[in-house]
Amino acid sequence: MTTFDDREKAFEAKYRLDQETAFKVQVRRDKRLGRWAAELMGLGGQEAEAYAATVVESNFAQPGDDDVVQKVLEDFAAAGVDMDEQRLRKTMDRLGAEARAEIVSEVTAAKQNRGG
């Protein structure tokens with residue numbers, strides 16, 4: 001195998017890992033967002049977890065975050081929670097950063113445990 005082939009395989013592996021990490025971050029962020037929103041709507045326990053799952057699922061409707069934003073804003077409006085899109089997106093950004101930091105930490109710890 002040539003150096004070029006090795007480099008191509010390495011780039012492909014990194015791309016797959018980056019895509020997998022981005023997906024995990026998105027799902028974790030959306031689950032946290034759902035729990036946060038559920039709390040603001042007065043939901044707890046199983047209801048909050050079920051709601052969080054619907055937020056995660058809503059992000060598969062179309063690319064980007066607009067589907068999640070729309071769902072949560074509509075649910076807030078129905079529940080009488082005062083929320084605007086800017087505050088919601090700011091919360092999503094914060095939760096996304098937290099989720100990314102956790103996942104990177106978990107991946108790093110797993111690599112160290114494997115001796116890599």
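Reply: In this predicted model, the crossing of helix 3 and helix 4 is right-handed. The contact between them is made by Asp66, Val68, Val69, Val72, Leu73 and Phe76 of helix 3, together with Glu85, Leu88, Arg89 and Met92 of helix 4. By class, these residues divide into 7 nonpolar and 3 charged, with no polar residue among them.

Me: How do you know that the length of helix 3 agrees with what its number of residues should give?

Reply: Helix 3 runs over residues 66-79, which is 14 residues, and at 1.5 Å a residue it should span 20 Å. The expected span takes one less than the number of residues, and the end C-alpha atoms of helix 3 are 20 Å apart, so the two values agree. Just after this helix, Gly80 takes a positive phi of about 80°.

Me: Which residues of helix 3 are buried, and what do they pack against?

Reply: Asp67, Val68, Val69, Lys71, Val72 and Phe76 are the buried residues in helix 3, and they pack against helix 1, helix 2 (45-58) and helix 4.

Me: What makes Thr91 count as buried?

Reply: Buried means under 20% relative accessible area, and Thr91, at 11% relative accessibility, therefore counts as buried. Thr91 lies in helix 4, residues 85-113, and, leaving aside residues up to four places away in sequence, it touches Leu33 and Trp36.

Me: Why are helix 1 and helix 4 described as oblique to each other?

Reply: The axes of helix 1, residues 3-40, and helix 4 come within 8 Å and cross at roughly 130°. Since roughly antiparallel needs an angle over 145 degrees and roughly perpendicular ends at 115, helix 1 and helix 4 are therefore oblique. Helix 1 passes helix 4 in a right-handed crossing, and the residues making the contact include Leu33 and Trp36 of helix 1 and Thr91 and Met92 of helix 4. The contact of helix 1 with helix 4 has 9 nonpolar, 3 polar and 8 charged residues.

Key: Residues are numbered from 1 along each chain as its sequence is written. This is a predicted model: local features need pLDDT of at least 70, side-chain atom pairs count only at pLDDT 80 or more; totals for chains, interfaces and linings use all residues. Side-chain values use heavy atoms; hydrogens and water are left out. Helices (H or I, at least four residues) and strands (E, at least two) are DSSP runs, numbered from the N terminus. Buried means under 20% relative accessible area, exposed over 50%, partly exposed in between (1.4 Å probe, protein chains only). Contact means heavy atoms within 4.5 Å. Axes are lines fitted to C-alpha atoms, for helices over the stretch in contact, and angles run from 0 to 180 degrees between N-to-C directions. Angles under 35 degrees count as roughly parallel, over 145 as roughly antiparallel, 65 to 115 as roughly perpendicular and the rest as oblique. A crossing is left-handed if the near helix is turned anticlockwise from the far one by less than a right angle, and right-handed if clockwise. Ala, Val, Leu, Ile, Met, Phe, Trp, Tyr, Cys and Pro count as nonpolar, Asp, Glu, Lys and Arg as charged, and the others, Gly among them, as polar.
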